[in-house]
Amino acid sequence: MLRRHLAGLALLGAPTLIRPAQAQVKERLVLTLKDGDVTIKLLPDVAPKHVEQIKLLVGRGFYDGTPFHRVIEGFMAQGGDPTGTGTGGARDLPDLPAEFTNKYRFIRGICGMARSQSPNSANSQFFIMFAPAPSLDGQYTIWGRVVAGMDAVDKIKRGAPGSGTVTNPDKLLRARIVTA
């Protein structure tokens with residue numbers, strides 16, 4: 001009896017049922033800075049809309065050559081504004097609704113989206129954390145985390161104490177999506 005069931009399963013294509021699932025392709029964001037590449041693991045499981053918008057902008061070359069206009073020692077480096085003023089963005093794309101998570105916290109290497117006073121105003125600007133900042137948890141969307149190249153992030157030119165405004169800022173030379 002068992003032999004008959006096994007034979008029936010073979011005819012139905014059982015080998016396909018017991019094959020391991022193919023590994024899902026994982027995409028990474030690679031930022032080329034003056035001091036090297038920074039590899040960021042994207043987190044579409046917690047911020048799908050933000051990750052998609054970033055990927056769209058990267059595909060357009062939007063981030064290439066943009067400055068890190070606000071960099072605060074011991075806090076974060078902010079970029080993604082082609083005007084370098086902190087008021088610009090991808091105006092042809094809608095602002096995004098907040099995608100807060102409890103799965104990740106704002107610690108060193110976490111990437112978040114910058115926004116105005118409205119939690120639903122993130123567009124293209126982002127920041128990379130130099131150190132933990134628990135006050136940002138549940139207030140800003142986390143969309144990625146640095147998995148390699150944090151030493152290059154640490155070398156980004158710092159801004160003025162307090163405001164973080166950078167004179168002659170370092171630039172994000174190139175952004176690209178790669179598969180891992």
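Across which strands does helix α3 lie, and at about what angle does α3 run to β10? In this predicted model, α3 lies across β1 (27–33), β2, β6, β8 and β10, and its direction is at about 115° to that of β10. The sheet concerned is open and comprises eight strands in the order β4-β5-β7-β6-β8-β2-β1-β10, with antiparallel pairing. Its edges are formed by β4 (70–72) and β10 (174–179), each of which pairs on one side only, and the twist from one strand to the next averages 25°. Within this arrangement, β6 and strand β8 (residues 142–148) pair in the antiparallel sense over three bridges, and Ile-110 stands opposite Arg-145 in β8.

Side chains of opposite charge can pair when their charged atoms come close. The structure holds ten salt bridges, among them one between the side chains of Asp-45 and Lys-103, with an N to O distance of 2.6 Å. Because Asp-45 lies in the loop between β2 (36–42) and α3 (48–60), whereas Lys-103 belongs to the loop between β5 (76–79) and β6 (110–113), this pair ties together parts that are 58 residues apart in sequence. Asp-45 is partly exposed, at 47% relative accessibility, while Lys-103, with a relative accessible area of 54%, is exposed.

Asp-92 counts as exposed at 54% relative accessibility, whereas Arg-60 is partly exposed at 44%.

A further salt bridge joins Asp-154 to Arg-108, the closest N and O atoms being 2.6 Å apart. Asp-154 is located in helix α4 (residues 150–154) and Arg-108 in the loop between β5 and β6, so that this contact ties together parts that are 46 residues apart in sequence. Asp-154 is partly exposed, with a relative accessible area of 28%, and Arg-108 likewise counts as partly exposed, at 41% relative accessibility.

Methods. Residues are numbered from 1 along each chain as its sequence is written. This is a predicted model: local features need pLDDT of at least 70, side-chain atom pairs count only at pLDDT 80 or more; totals for chains, interfaces and linings use all residues. Side-chain values use heavy atoms; hydrogens and water are left out. A salt bridge is a side-chain nitrogen of Lys or Arg within 4 Å of a carboxyl oxygen of Asp or Glu. Helices (H or I, at least four residues) and strands (E, at least two) are DSSP runs, numbered from the N terminus. Buried means under 20% relative accessible area, exposed over 50%, partly exposed in between (1.4 Å probe, protein chains only). Two strands pair if DSSP finds at least two bridges between them. Axes are lines fitted to C-alpha atoms, for helices over the stretch in contact, and angles run from 0 to 180 degrees between N-to-C directions. Contact means heavy atoms within 4.5 Å.
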